[in-house]
Structure formats: structure tokens, C-alpha cells
Amino acid sequence: MTQTNLITGFLGSGKTTTLRHLLANKPAHEKWAVLVNEFGEVGIDGALLADSGAVLKEIPGGCMCCVNGLPMQVGLNMLLQQAKPDRLLIEPTGLGHPKQILSLLTSEVYQSWLTLNATLCLLDARQLSDARVVSNENFRDQLACADIIIANKQEMYNDNDRLALATWLNEHGDDRQVLHVSQGEIEPRWLDAPRNNRQVLPDGQHHHGQSARQGLAALSLPGQQRWRRALNQAGEYISCGWIFDAETLFDTVAFLDWARLAPVERLKAVIRIKEGTLRINRQGQDLHIETLAAAPVDSRIELINGQQTDWNTLQSALLKIRLS
């Protein structure tokens, strides 16, 4: 039986950072696997988790439980039957609704394969002051189904954020376990907590995503194509991603300026630079930068915004900062 956890949280709450921390602290004798899902078509999280030591399966291009649940079932079956992990961590897109995912994981077909433990939900309390986020059904129901709420990025909170968090927990916490952390640094022991939350969720009204074939197609470049762009949209949120071949290098300083100034809410990138790898994770004005000596197999960039954006202008500026 594979011990399994669903790790949810809205856009920018710190799910991938939390996964990286958990994987860095896993018991050496255990085999872990990760099923990761992204709203964008290109798929960045796989590159961010590539050096984690876990068996990884990506589902880009929308909520993993859409298209009759097929993308998630294929990925889940592949990991359970081929990898046979001791533990499986499932990270849905921040714009995904958890009801169908939980229904699938608790269905009879998987009862002999996995044990579903506590569902963890990442929460950036600063988002509680954003009326558009709070009114989003995915944000609401991700928190509603959680057994453990992780109040992440606490070092970024001001007094108003802490008050908003305390007020929300008083109204919605229901005596559930709440962890106050920075950089997603939770102890792996929390993954063994039981699943006690059986709250019945409403159906998600804004499921989204292309077919699995369309999403997975963005993982490679056909023929001699040097780069490509992929778009996805659901409701008010739009993603635009690019993938560049292994021969393309970017100017480090110029790319950092481009990433910092891009008029979008969310940005992730893993790109090739002269020094090796540049990783960028940006939520609003929060910008996390990391460099590595080893180079990635290609360059991937994903932007998400809550309104229409001039992607062509951003693309033109991006293409100009290539070194090769």
C-alpha cells in the first residue's frame, strides 16, 4: 500500500517549494513518487523537481481530473504499478478543484493500491485580503477539504495579514491542525497524519484544461524547431509558456529584468545560462532566484495572469535576450 497525500493550495502558495523541502528530508530507505499537475501547457515543476530523487510524472495543461479523469488515472496507474513507491505526493494545479481528485483516490479501484492520508493545503495569508482570490471556488474548496492547513510564507506577513489569518481560522478552522511555516518547511511526519476531513464538497464549476494529448505535446520540440509557445485559459486566468531547445542560452541579467518586470501575477522559469541553470519563482512581487552549475535539458518559462496580457510584446523582448 502506497502512503499517499494530496498537497493543494492556490496559485503562489508554495506547493512546489514545500515538495522540494519534503523530498530533501525523506528517509533514505524509502522510495517516493510525485504526480504533479500544472495549469500551463509547458510544465515547469518537473524541471524544478528534477534533482529531488523522486520518481516524477507530470500532467500539464489544466486540472488533472478533467477530460473524464483520464490524465490523472494514466499518471497515477503508471506510478503505482511501475514505480511501486512507498509514498506518493500529488500536487494539483493551484487552479484545480479537489473534489474529483479525492473521489478518484478514494474509489474502490485504488483501495488495494494506496492509503490516502491527510490532505495538506498551503495558504499564503496575504491572499485573504484579495477579494478575487477569496471568492474563487478552488481557493475556498481546497481549504475546505484540508486536514492540515499550512500557513506558509509567514515571514512576509504584516499585522493585517496575521489578523486576517486569525479571523479566517476562527471562522473556518474547525479545530484542524494549522502549521505556521516559512519556505514550506514542514516536517515529513505530518504526511502520516490520518485523513479525518470528510466534508462533502460542491461540484467545481470552472474545471478547465485541454486534452491530455495537447498538454503532453508541449513537453517536446518537433523536428528542428528551436522554440515554441503554448497558451491555456480557464475563466479569467490565462497562461503563456515557452520552451526553448538545449542550444539556446539566455543573458542572465537581462532575463532577470524581464522576469521581474513582466506584468503578470505568476512566473516560473528554468532556463539555460552560461553559468548553468537559472531558476526563478515569482508570485506578485515576491521573487526567488536560484542558480545551479548543471544545465537543464532545455529552457522552460511559464507566466499566468488574471487578465488578458500582450504576450506578443513579452515574447519579442524574450527572444531579444537570447545569447544563441
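Mentor: By class, the largest pocket's lining has 15 charged, 17 polar and eleven nonpolar residues. Nonpolar is Ala, Val, Leu, Ile, Met, Phe, Trp, Tyr, Cys and Pro, charged is Asp, Glu, Lys and Arg, and the others, Gly among them, are polar. The model is predicted, so local features need pLDDT of at least 70 and side-chain atom pairs 80 or more, while totals for chains, interfaces and linings use all residues. Residues are numbered from 1 along each chain, and side-chain values use heavy atoms, without hydrogens or water.

Trainee: Which residues lie nearest the centre of the largest pocket?

Mentor: G14, T17, R266, K268 and N281, out of 43 lining residues. Lining means an atom within 4 Å of a pocket point.

Trainee: And what gives the most to that lining?

Mentor: Helix α1, with seven residues.

Trainee: Switching to α9: which residues are buried there?

Mentor: T252, F255, W258 and A259 are buried, meaning under 20% relative accessible area, with exposed being over 50% (1.4 Å probe, protein chains only). They're on the same side of α9, because they cover an arc of only 125° around the axis.

Trainee: What's on the face turned away?

Mentor: The exposed residues V253 and L261.

Trainee: What covers the buried residues of α9?

Mentor: The cover includes β10, β11, β12, β14 and α10.

Trainee: What does D251 reach at the start of α9?

Mentor: One of its side-chain oxygens comes to within 3.3 Å of the backbone nitrogen of V253.

Terms used: 1 Å grid on protein atoms, 1.4 Å probe; cavity = no way out; pocket = protein on both sides within 12 Å on 5 of 7 lines; lining within 4 Å. Helix = DSSP H or I, 4+ residues; strand = E, 2+ residues; numbered from the N terminus. Arc of directions from axis to C-beta. Contact = heavy atoms within 4.5 Å. Polar contact = N/O pair within 3.5 Å; in protein donor to acceptor, adjacent residues only side chain to side chain.
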